[in-house]
Amino acid sequence: MKFTENQQLFGFDPTERIVAVEFSEPDSAEVFLRRADGSTEIKREKFLPFFWSAEGGETLGGDAPLNHLVKTADWLSYQNSRAELQKTGAVFAINDPVQQYLTASGRTLFKGMAFEDLRRLQLDIETASTAGFEFSSAERDAITAIALSDSSGWEEIVVIENGSAESERAALEWLTATMQDRDPDVIEGHNLFKFDLPYLTARAKKLKVRLAWGRDGSPLKSRPSRLQIAEKTIQYPKFAVRGRHIADTWILAQYYDVSSRELASFGLKSVARHFGVAEKGRVLLEGAEIQRAYREDAAAFRTYALQDVRETRALAGILSRSYFLQAQIFPYNYQDVIIRGNATKIDALFLREYLRRGQALPEPPETRPFEGGYTDIFATGVINNVWHCDVTSLYPSVMLAFGLVPKTDTLGLFQGLLGDLRTFRLAAKSALKSTRDPAERGRLDALQTTFKILINSFYGYLGFAQGHFADFDAAENVTAKGREILRGMVEWLGAQGARVIEIDTDGIYFQPPEKKAVEELEKGLAAELPEGIEVEFDKRYTAMFSYKAKNYALLEESGAMVIKGAALKSRGMEPFLRDYLEALLRLLLEGKPEQAAALREELAAKIRQRELPITALAKTESLQDSLAAYQKKIGASSRNRSAAFELAIKSGRNYQAGDQISYYITGVKKKVTAYENARLASEWKAASGDENVEYYAAKLEELAKKFEEFVPRAPAQDDLFS
């Protein structure tokens, strides 16, 4: 199927090979296109800014309140007209001129291109650190190396002469010249926004070097911004390069982890290991070791920096494919596609099509709470031979099967797009199964993943407060019907003699009856479901440990273990506790609970004998506020003091919301006030032995107590479980 022929989804203008769009004051858009010979062409087009209103301008069809479209001569006129009409009536405007242009023109980026056609350049810098300071400072510490690579496999590194401002200046000039010569569409890096780019701009300013990275020779620019990823707010400087895009794999990893909850850390090395792209023989250097290698081991230093950009290239190749495809769908530049929320993107599709058809827009509805999905737990402990059955795309299927769509969507886009996306995903999955070519498999897998993300976003859109076609009644009916279907499945399975363990929104874990084939159960359950609702018995597990609702561990037939839920897998735990809990869960799942006491005792002994590295004991926390906001709340007595924040303030470094702090606890008593006894993990020295072993041993004991009901008692022993 040619998915891109669907104009409501991919836009109605077929122009191919657009790699960027930029607004040019006062009334034009610059469209950057890749020619067949690989060069970049810039076309300047007239652009009339616009907005919707309840009066004035062109009359639109339909009865919705925003039934006029006001077009203006230039951006200043747009701002003035919008402000004037806002005084007397309802107005809705797209504040991003690039999104306005793409919405009105029906164009999207990257049509006719494969992900491999993108020119992607990876950037990483190494920096000096003055003795006595924990962190590098752009005010006092020079850049020591700049490493680059790109998607063609090219790579190069410039190592800067120690203490030479002229060498550093030359390296920055080389970087800009190389940027223009390699002409990337996308600049990639790990933690680019919060470290590399601010550092580069500060050093360039100090050395009077112009970072003219834009495709038109314009300089790198930035402005303060913030990003919401699940429950986290990240403050960061948003950088922009005219005609190019910036993709930060540190941010991409955090988006990935929202649904997977698999990453132990967001550091480059840790994420690379998780995805299996860390090189064999990877040079691992930390803090002072990097400085020593820079001065004394040039080969190790160069290899370390180049491996950073190689891992970034590999990670970006894995994590950004879906966003590349989304840029072919949504009216945003690629960089903005990455950071926009899924519901906002769905709304953009409606705005584009309603504008094209000259139809009036409804205003977003009044928000209200409603009951969510069905979750329940029926059994705890270890259960063997567990199956999982899953209703295929439960909420999208319910919406389509029962016509639960927004009442204000007079064009019927919601149901049409949702149906098309489901059809496309099934077609992409089917083609994926029959394709052996690695490049085509990568494309099809990215397609089906993208379609899955969009399909699942349609339900969220119904309850999206800023969505013009959001419908809280429809959202409530969807969850109610979902609960009804799942309760019926639980009752039917129970009547067949199955032991239902847990239900989690759209899937059920159960132990089948001994004398009935699973295939028979699957066929029988499918027959009970309404038309359009499909069930799949998708996986069998050797054992399941059910702890509490949405918190469980599964042992796969391969021996791999899957852990779900914050009570069993929390990034807020110290690493030694996470490792202990994972080992304990494996003992339980493998039928060896009698070994739990020995596991705990052995770890407690290692703690007291100071055999664990500080990295195992240190806790890592993300700052959820700025330092100023934290201090204001402390002053108002609206929150408790935090070890991470107190250390951040004490360090003198300009920490921002979203930054991470790793620290450990000192002292000799097991009960201490954490913020008064915390030290940065980077300050720990083995010779000092100041980690509070009694505090950490007590934390182990506290965690172990939570699971004592699942391990056998040993009356003869004077231990935790006796």
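Hi everyone, a definition to begin: a residue is buried when its relative accessible area is under 20%, exposed when over 50%, and partly exposed in between, using a 1.4 Å probe and protein chains only. This is a predicted model, where local features need pLDDT of at least 70 and side-chain atom pairs count only at pLDDT 80 or more, while totals for chains, interfaces and linings use all residues. Residues are numbered from 1 along each chain as its sequence is written, and side-chain values use heavy atoms, leaving out hydrogens and water.

My topic today is salt bridges, meaning a side-chain nitrogen of Lys or Arg within 4 Å of a carboxyl oxygen of Asp or Glu. How many salt bridges does the structure hold? There are 51.

Let's start with aspartate 185, whose side chain meets that of arginine 34 at 2.4 Å, N to O. Aspartate 185 sits in the loop between helix 4 (165-182) and strand 11 (186-189), and arginine 34 in strand 2 (residues 28-34), so this pair ties together parts 151 residues apart in sequence. Helices (H or I, at least four residues) and strands (E, at least two) are DSSP runs, numbered from the N terminus. Both aspartate 185 and arginine 34 are buried.

Aspartate 185 also has a salt bridge with arginine 215, with the closest N and O atoms 2.7 Å apart. Arginine 215 is in the loop between helix 5 (192-207) and strand 12 (221-229), 30 residues from aspartate 185. For relative accessible area, arginine 215 has 12% and aspartate 185 has 0%.

Finally, the network: Arg34, Arg119, Asp183, Asp185, Arg215 and Arg244 are linked by salt bridges.
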